[in-house]
Amino acid sequence: MLTTIALVFISLAALLHVYIFYLEVFAWEKPAARKVFGEASAEELAITRFFAYNQGVYNLLLAIIAGVGVAMRSPALMLAGAGSMIVAAAALALKFPKHRGAAVKQCAFAVIGVACLVASLQSA
């Protein structure tokens with residue numbers, strides 16, 4: 001049962017990171033991304049577009065690692081992908097306290113998935 005819950009939540013974490021990838025790479029200057037990441041001027045968005053694009057690619061890679069882990073039922077890949085999502089969210093929360101809410105949203109699925117996966121591995 002715990003393994004199934006882990007698979008579901010790590011899948012949700014991967015899907016969320018694919019959505020974040022889309023926002024950062026393809027919709028950075030559009031209303032959807034501005035709603036999620038906060039209002040910024042057109043000049044600020046143009047300046048940060050490069051960084052958002054790069055970060056989006058990282059988010060896609062984390063999603064792929066976690067997703068392949070789910071597809072292959074590989075605990076190592078699931079932990080690598082979802083664990084990296086958690087570490088990235090923790091770094092955001094620690095460095096920029098005003099973004100703690102975003103960090104929690106970014107890692108909630110991954111935290112639940114990793115906790116269930118670790119518990120399932122320990123009970124096996």
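Predicted model: local features only at pLDDT ≥ 70, side-chain atom pairs only at ≥ 80, totals over all residues.

How are the rings of Tyr 19 and Tyr 22 arranged? A search of the whole structure gives six aromatic pairs. In the pair of Tyr 19 and Tyr 22, the ring centres are 6.5 Å apart and the planes lie at 25°, so the pair is stacked; the cut-off for stacking is under 30 degrees. Both residues sit in helix H1, residues 2–25, and since they are three residues apart there, about one helical turn separates them. Tyr 19 and Tyr 22 also belong to one aromatic cluster, together with Phe 21 and Phe 26.

Now to another pair. The ring centres of Phe 50 and Phe 51 are 5.2 Å apart, and their planes are at 75°, so this pair is edge-to-face. The cut-off there is over 60 degrees. As for accessibility, Phe 50 is exposed at 57%, and Phe 51 is exposed with a relative accessible area of 53%.

Next, the largest pocket. It holds about 1100 Å³ of space. Its lining has 31 residues, and those closest to the centre are Glu 24, Phe 37, Gln 55, Leu 92 and Gln 106.

Which helix gives the most to that lining? It is H3, with nine residues. Five helices each supply at least two lining residues: H1, H2 (31–37), H3 (42–72), H4 (75–95) and H5 (100–123). Sorted by class, the lining of the largest pocket comprises 19 nonpolar residues, seven polar ones and five charged ones.

The last stop is Ser 84, which is located in helix H4. Is Ser 84 buried, partly exposed or exposed? Its relative accessibility is 32%, so Ser 84 counts as partly exposed. If neighbours within four places in sequence are set aside, Ser 84 is in contact with Leu 62 and Leu 79. Glu 24, one of the residues closest to the centre of the largest pocket, is 60 residues away from Ser 84 along the chain, and their C-alpha atoms are separated by 18 Å.

Methods:
Residues numbered from 1 in each chain as written. Heavy atoms only, no water. Helix = DSSP H or I, 4+ residues; strand = E, 2+ residues; numbered from the N terminus. Buried < 20%, exposed > 50% of the residue type's maximum accessible area, 1.4 Å probe, protein only. 1 Å grid on protein atoms, 1.4 Å probe; cavity = no way out; pocket = protein on both sides within 12 Å on 5 of 7 lines; lining within 4 Å. Points joined across faces, edges and corners; volume = space filled by probe spheres on them. Nonpolar A, V, L, I, M, F, W, Y, C, P; charged D, E, K, R; others polar. Contact = heavy atoms within 4.5 Å.
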